[in-house]
Amino acid sequence: MTTKKSETKSSGKFERPDGRKVNELRPIWAKVGVVPNADGSAIYASGDTIAIAAVYGPKQMHPQHSQNPEKGTLRCTYLMNSFSVNERIKPGPNRRSMEISKITEWALEPVLMLKDFPSQVIDVHINIIQADAGTRCAGINAASMALAHAGVPMKSLVTSVSAGKLDKTLVIDLDKEEEDFEEGEGPTDIPLSFTGDGKITHMQLDGKISPAQLKEAVEMARESAKEIHKIQVKALKDSVEGDKK
Ligand code: CDP
């Protein structure tokens, strides 16, 4: 498949490769209850990026020396499958997956009442079955929905989306072609996660951006997160309605 390259038209207007508006998300598809063996599960797809999350627990932490008697432990394991990209990647954990696992824990922990689960663990397994950038955000969105689906007490869902800058233009939800954008100032990628009332639980920045534009990018992401949050809630409600039938 060939995609149109990002370009700045002679009018000076910036065009995204897939023709999206600067604040337009990729098409989203979300559903809970996709892994019957898990206590809770969800699939979250944003364009060609697809994440599945499965939650097991809260359950007694083993081995015993890993238990924290003060509070429960959230243990996230992010894995990008070797078949998720065109060029097969080495299977199994690596530095990147360990970093993203840790970041996912930090993004989700603020909404969990871990103090209510001393010595216990909540295991969240995140599998990326197809990757086209934004996999950490898709993984966090799926994980948040899977935790709610598992009935884990939460203050709110967590919603994640990446804001970014292509040359000088701020955009939302970068795909891989945009993450590889090379013109002008190049790409800046800012993955962010928010609570339901818009508080930031996670933020990263890869690239360069001025403080003023960063502020603007965060606000764009916060607005987009509201759209995603509605889709997450609808998927959870649909599953409850489905159970009633
Ligand atoms: O996926 P995310 O944007 O959260 O993280 P990234 O490390 O910035 O990776 C961006 C994208 O690069 C991934 O979503 C994949 O599409 C691609 N990638 C890859 O093709 N091979 C890798 N080993 C790592 C990432």
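**View 1. Helix α2 (residues 135-149) packs with helix α4 (residues 211-244) at an angle of about 35°, their axes 11 Å apart.** This is a predicted model, where local features need pLDDT of at least 70, side-chain atom pairs count only at pLDDT 80 or more, and totals for chains, interfaces and linings use all residues. Residues are numbered from 1 along each chain as its sequence is written, and side-chain values use heavy atoms, with hydrogens and water left out. Helices (H or I, at least four residues) and strands (E, at least two) are DSSP runs, numbered from the N terminus. Axes are lines fitted to C-alpha atoms, for helices over the stretch in contact, and angles run from 0 to 180 degrees between N-to-C directions. On the α2 side, the contact (heavy atoms within 4.5 Å) uses Asn141, Ser144, Met145, Ala148 and His149. From α4 come Ile228, Gln232, Ala235, Leu236 and Ser239.

**View 2. Alanine 42 sits in strand β4.** Is this residue buried or exposed? Alanine 42 counts as buried because its relative accessibility is 0%, and buried means under 20%. Its touching partners, leaving out residues up to four places away in sequence, include Lys31, Val32, Ala53, Ala142 and Met145. Proline 63 is 21 residues from alanine 42 along the chain, and their C-alpha atoms are separated by 28 Å.

**View 3. The largest cavity has a volume of about 70 Å³.** On a 1 Å grid over the protein atoms alone, a cavity is a set of points where a 1.4 Å probe fits but cannot get out, while a pocket is an open set with protein on both sides within 12 Å along at least five of seven lines; lining residues have an atom within 4 Å of a point. A volume is the space filled by probe spheres set on the points, which are joined across faces, edges and corners. Of the 14 lining residues, Tyr44, Ser46, Cys137, Ser160 and Asp173 are closest to the cavity's centre. β4 (40-46), α2 and β8 (158-166) each give two or more residues to this lining.

**View 4. The largest pocket holds about 950 Å³ of space.** Out of 33 lining residues, the closest to its centre are Ala131, Asp132, Ala133, Asp175 and Lys176. Here, α2, α3 (176-179) and β10 (187-195) are the elements giving two or more residues.

**View 5. The second largest pocket holds about 230 Å³.** Which element gives the most to its lining? That's α4, with 7 residues. Among the lining residues are Lys31, His149, Ala235 and Ser239.

How values were computed. Buried means under 20% relative accessible area, exposed over 50%, partly exposed in between (1.4 Å probe, protein chains only).
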